[in-house]
Amino acid sequence: MKDVLALAKSHVVTALRERVTLFWFLVFPAFLLTILTLIFGQVGQEENVHFSITLINHDHAESSNLPFSATRVIEETLGSLSEARESGAQPLFTLIQPAPGSDGDAFLEQELVQIRRGNRAAVLVLPGGFDEAVLSGILDETDRSGATAKLYMSHTSVASETASSIIEQILAEIDRTILIQTGRFDETQAVAVVTDWIGQEEEETRYVDFVLPGIILMGFFTNGLFGVPGTILFNRDRKVLRRYWVTPLSVGRYLAGFGLGHLSLCVVQFALLFALGKYAFGATIQFTHPLSIIILVLAAITFMAFGFFIAALAKSANAGMAVANILNMPMMFLSGMFFPLVGLPIFMMVIVYANPVIYLLEALRQSVGVQTSTLMPFPWTFIVPLFWIALCSLVTIRRLRWDVAR
Amino acid sequence: MTHDFIMKVSHLTKHYGEIIAVDDISFVVPKATVFTVLGPNGAGKTTTMEILEGIREPDGGEIVLFGQPMKRITRAAKQRMGVLLQEGGFEPHLKVREIIQLFASFFENRVSVDAILEQVALTEKAGAQVRTLSGGQRQRMAVGAALVNDPDLIFFDEPTTGLDPQARRNMWDIVSRLKAEGKSIVLTTHYMEEAEALSDSICIMDHGKIIAQGTVRELTGQLGEETLIEFRVDGILENQLSALSACCDNVRQDGGLVTLETKDLPSTMSELLQWSETQGVPFQDLRVRQPNLEDVFLTMTGRTLRE
Amino acid sequence: MKAFRALLLTEIRNFTRDRMMLFFTLLFPLVFILLFGFLMGGMGDVEHATLGVYLESQDDEDTFMQTLERAGLRDIRPFDSLQSLEDNMADGQIDFGVVWNGAVLRFIYDPSRLQENYAFQQLANGIGAGFNMQRQDAVPAINVVRIEAGEIESISWFNLVLPGILAFTILSSGLFAISGHLTQMKQRNILDRLIVTPMSPVALLLAIALVRLVVGALSTLITLGVGILVFKLHFTIDWLRYGIFVICSTLGTMGLGTLIALIVRRPSSAGNVANAAAMIMMFMAGIYFPVSFMPAFMRTLSRLMPLTHMANVMRHVTGVLDMSDLRFWMTSAAFLGIALILFPLMARYIVRPLRN
């Protein structure tokens with residue numbers, strides 16, 4: 001037993017002392033967690049987003065004597081949203097308007113160029129006669145078409161899409177207020193619109209809660225796919241292993257020590273990523289459910305088996321790393337970790353169904369309560385990874401050379 | 001039943017397909033001695049060592065080790081063996097102390113790590129990572145790892161290759177000390193001085209077979225009563241050399257060094273001087289000496305130890 | 001000149017015989033493209049959402065269905081029970097659901113479809129507002145019509161991603177030419193053997209640069225080809241600017257590779273650091289994730305990264321993003337400038353003896 005523990009300790013100590021390993025195994029998943037949460041966690045939270053928009057108002061309220069000016073309300077509303085908030089956070093908009101007396105058309109052309117260059121999210125143009133059209137839309141019984149504002153945007157830009165939606169919502173709100181105040185719309189008759197979720201959730205899952213299980217699994221995955229063949233092949237080719245085989249140490253005990261060390265590293269990974277998720281990003285999920293623990297252990301073992309599989313087939317450490325790189329991308333991206341798996345062609349769906357990562361990931365998410373449904377019925381969570389463990393073990397036993405050839 | 005040998009190898013055989021690497025060899029390693037295996041490359045020496053170190057399986061033969069007969073080296077036998085491999089790595093990021101501790105954990109019987117570090121003079125380097133060690137320090141650490149179980153039989157596979165003279169001397173001291181402690185040692189080397197200085201008995205292998213066995217004295221004695229004369233020349237022509245063969249035995253030339261054997265020193269010397277004057281070949285560094293191991297080796301295998 | 005030709009031939013041979021290297025440089029970006037192409041295909045267009053409907057009450061049914069028709073959904077599927085609606089949502093058959101009981105309009109979402117729910121909620125808001133208006137026979141007084149500002153109608157979100165991948169290919173090629181290939185040569189003492197000959201370090205560098213340029217260009221063209229042929233993407237390529245920028249950026253990224261090699265000291269680590277840097281840049285350059293949603297400090301960081309600018313220029317030369325001439329030329333000049341400044345340092349690195 002002492003030999004198994006000593007080997008496990010060596011494995012852990014070596015990994016933690018190698019800067020390269022530390023980077024890929026700890027720093028990179030942490031970085032990914034950070035960046036994904038910072039970016040996607042913002043969606044829908046308007047305190048943190050900011051857009052640069054332009055308002056061109058061709059209808060000048062000061063020179064009219066209409067009782068009510070919609071354009072002025074719009075301008076004031078947008079203006080107030082471009083003032084710094086009390087919390088000190090950046091305002092929602094930076095509002096750009098043409099200088100008084102300047103050529104509106106030329107300015108519009110300039111602004112369209114800015115949209116195409118990505119410097120502007122949207123340009124709202126209120127054409128001349130807008131206020132009058134609004135009023136006639138309310139008062140005139142025959143022509144209720146109302147006024148139409150033009151919103152220039154770029155549908156390929158996510159920022160533009162979002163800013164446009166927000167502007168449309170703002171205008172809709174203003175419109176609704178006008179209709180209510182003019183009696184065209186009875187608020188008391190309005191239908192309530194409520195939001196609900198399937199499953200037991202009371203509110204939308206937090207992004208960090210959703211993505212943390214995936215990041216943890218990705219850490220295990222990288223550790224298994226790269227760390228295992230790297231270590232084994234390096235040690236074999238440099239005859240580090242041969243020094244062990246001249247002692248009473250058996251291959252079995254070596255594997256036991258190696259496996260124990262590997263799992264210990266996974267525990268370290270888990271602890272660090274969980275702590276980061278919880279204390280830096282406010283993750284609320286707990287991995288205390290027995291099922292979560294079982295799945296985490298199963299995942300660590302599955303990826304370790306894959307690592308051995310690669311080590312068994314690769315001729316050298318470099319070849320092993322190359323194979324690991326090739327497998328890395330498809331297995332990670334076709335797992336639902338980063339992107340939802342919708343609209344994929346058949347040949348890709350085959351990979352998806354064969355990929356053990358997706359089963360483990362969905363089951364893990366389910367066990368911590370951030371996922372309602374899974375791709376396949378629950379037993380597959382165990383069947384597919386166990387199948388891969390068996391296959392990889394078989395190949396390893398038959399093919400892995402423990403000493404360099406003569 | 002106690003024997004006075006620690007290991008006896010009988011009819012050991014190993015082939016790779018058609019090639020017979022080890023061809024029915026037998027020898028005995030007496031207790032508390034240094035037994036050296038010599039042989040040029042391809043002689044089967046490496047394979048033999050690998051079989052005895054337990055990392056290769058023989059195809060035939062028997063080994064009696066620590067009084068136990070076995071077909072191949074067993075795990076139990078390894079408990080009492082120590083092996084210093086010819087080449088092999090260590091985890092570069094582990095510290096010296098950690099390496100020794102790791103290897104110690106593989107054995108039931110263990111010497112204290114501090115004692116080992118003391119024995120191989122690495123106490124100050126105990127906390128240094130392997131990758132920071134010099135070649136000599138690394139070799140000493142490897143020796144430490146081989147001694148961690150206080151073995152009765154130790155394999156030193158080319159222990160001083162690539163070491164500077166001081167480090168080589170240190171290694172010789174270690175070997176001598178271990179022998180004095182009653183340990184049995186199997187040594188391989190490319191260095192004649194080493195073989196002569198350390199060995200109690202030697203076996204020479206070539207083409208998978210043992211072609212000579214015995215003490216240094218016995219082996220050199222096989223060359224008969226020959227005395228050797230050596231000298232250097234700047235350049236010698238074929239016909240000049242054949243003229244020399246007329247008067248002397250076993251003339252050979254290696255680069256600028258000419259060696260010849262004789263049983264009758266005085267007459268050969270005068271013939272030699274005559275030859276030099278007649279042929280007009282001046283010689284430098286004229287030496288007369290007794291045959292050594294290198295000569296035995298060369299005679300038996302046609303190659304030098306270092307090839 | 002002879003030395004240069006010989007070095008060039010050697011570099012070419014090294015490259016074409018190393019199958020792993022060939023695969024990674026030429027084909028790996030393809031793997032990326034294919035993966036992302038198919039993955040992203042389902043994602044970007046959230047107007048094409050499928051809504052499940054369960055009518056508990058028949059009140060205002062016609063009005064309600066009319067509102068739904070006008071909402072711009074891909075598909076509307078009726079269900080006759082709440083359970084079957086929720087089950088279908090759980091299976092991913094429908095994207096979100098709505099239940100109308102005569103008084104309350106309840107929209108149901110799948111909490112795990114985090115990245116898409118925001119867009120579904122926008123749709124839901126529109127439906128809710130539209131329905132309310134229709135029920136009271138109210139007509140908006142203020143309407144908004146969206147007008148596409150871009151000049152090419154057929155651009156999709158993937159059009160934005162692909163040039164980013166091209167930029168990443170060039171970055172890898174240039175970075176690893178130095179912090180990978182050259183550092184490996186140093187590590188294996190190949191450089192030392194070359195130095196003791198009359199070989200000029202400049203000739204070696206030029207040979208490496210030329211091979212990388214050709215390979216990088218080839219790789220981007222293959223990737224473009226796949227995008228156009230397989231995914232039917234439409235690009236308007238300015239070949240002159242394309243060529244100019246590929247050259248400038250390849251040389252510039254070789255310069256960056258030199259920086260890494262000089263800072264990192266140990267040749268074996270240089271490759272790893274370059275790899276790490278490339279990975280981090282890949283995520284932060286706004287290629288896959290929109291930069292606009294990053295917090296302010298991250299947006300600033302993103303702007304400092306070479307890859308961000310490379311991606312933007314590649315989008316420009318493929319006709320996807322507009323860019324001022326000044327910006328194009330300045331960016332190209334900047335990359336070229338980095339190369340020119342670091343070129344003598346590159347040469348010195350080759351000649352500098354390997355320290356243990």
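## Chain arrangement

Chain B and chain C make no contact; their nearest C-alpha atoms lie 10 Å apart. This is a predicted model. It has 2 pairs of chains in contact, and chains A and C share the most contacts.

## The A–C interface

On one side of this interface stand 83 residues of chain A, in contact with 71 residues of chain C. Several elements of chain A give two or more residues to the side that touches chain C. The helices are H2 (19-40), H4 (104-116), H5 (130-139), H6 (158-181), H7 (207-237) and H11 (317-333). The strands are S4 (147-153) and S5 (192-197). H6(A) gives the most, with 12 residues. By class, the side of chain A that touches chain C has 49 nonpolar, 22 polar and 12 charged residues.

Strand pairing also crosses between these chains. S5(A) runs parallel to strand S4 (residues 104-109) of chain C, and 6 bridges join them. Within this pairing, A:Ala192 has C:Val104 as its bridge partner in S4(C).

## Chain B: overall make-up

Chain B holds 11 helices and 14 strands. Its C-alpha atoms fill a box of roughly 70 × 45 × 35 Å along the principal axes. Of the 307 residues in chain B, 36% are buried.

Contacts in chain B can also be sorted by sequence separation. Among those between residues at least 6 apart in sequence, 70% join residues at least 24 apart.

## A hairpin in chain B

Strand S1 (residues 5-16) and strand S2 (residues 19-30) of chain B pair in the antiparallel sense, over 8 bridges. B:His15 has B:Ile20 as its bridge partner in S2(B). The hairpin of S1(B) and S2(B) has 2 residues between the strands. In this hairpin, B:Gly17 takes a positive phi near 60°.

## Nonpolar cores

The largest nonpolar core has 78 residues. Which of them touch the most other members? They are B:Ile99, B:Ile100 and B:Ile185.

A second, separate core has 67 residues. Its members include A:Val357, A:Leu360 and A:Val368 of chain A, along with C:Leu114 of chain C.

Definitions and conventions: Residues are numbered from 1 along each chain as its sequence is written. Chains are lettered from A and ligands numbered from 1 in the order in which they are written. This is a predicted model: local features need pLDDT of at least 70, side-chain atom pairs count only at pLDDT 80 or more; totals for chains, interfaces and linings use all residues. Two residues are in contact if their C-beta atoms, placed from the backbone, lie within 7 Å. Helices (H or I, at least four residues) and strands (E, at least two) are DSSP runs, numbered from the N terminus. Ala, Val, Leu, Ile, Met, Phe, Trp, Tyr, Cys and Pro count as nonpolar, Asp, Glu, Lys and Arg as charged, and the others, Gly among them, as polar. Two strands pair if DSSP finds at least two bridges between them. A nonpolar core is a set of buried Ala, Val, Leu, Ile, Met, Phe, Trp, Tyr and Cys residues joined through C-beta atoms within 7 Å. A residue is buried if 20 or more other C-beta atoms lie within 10 Å of its own, exposed if 12 or fewer, and partly exposed in between; C-beta atoms are placed from the backbone.
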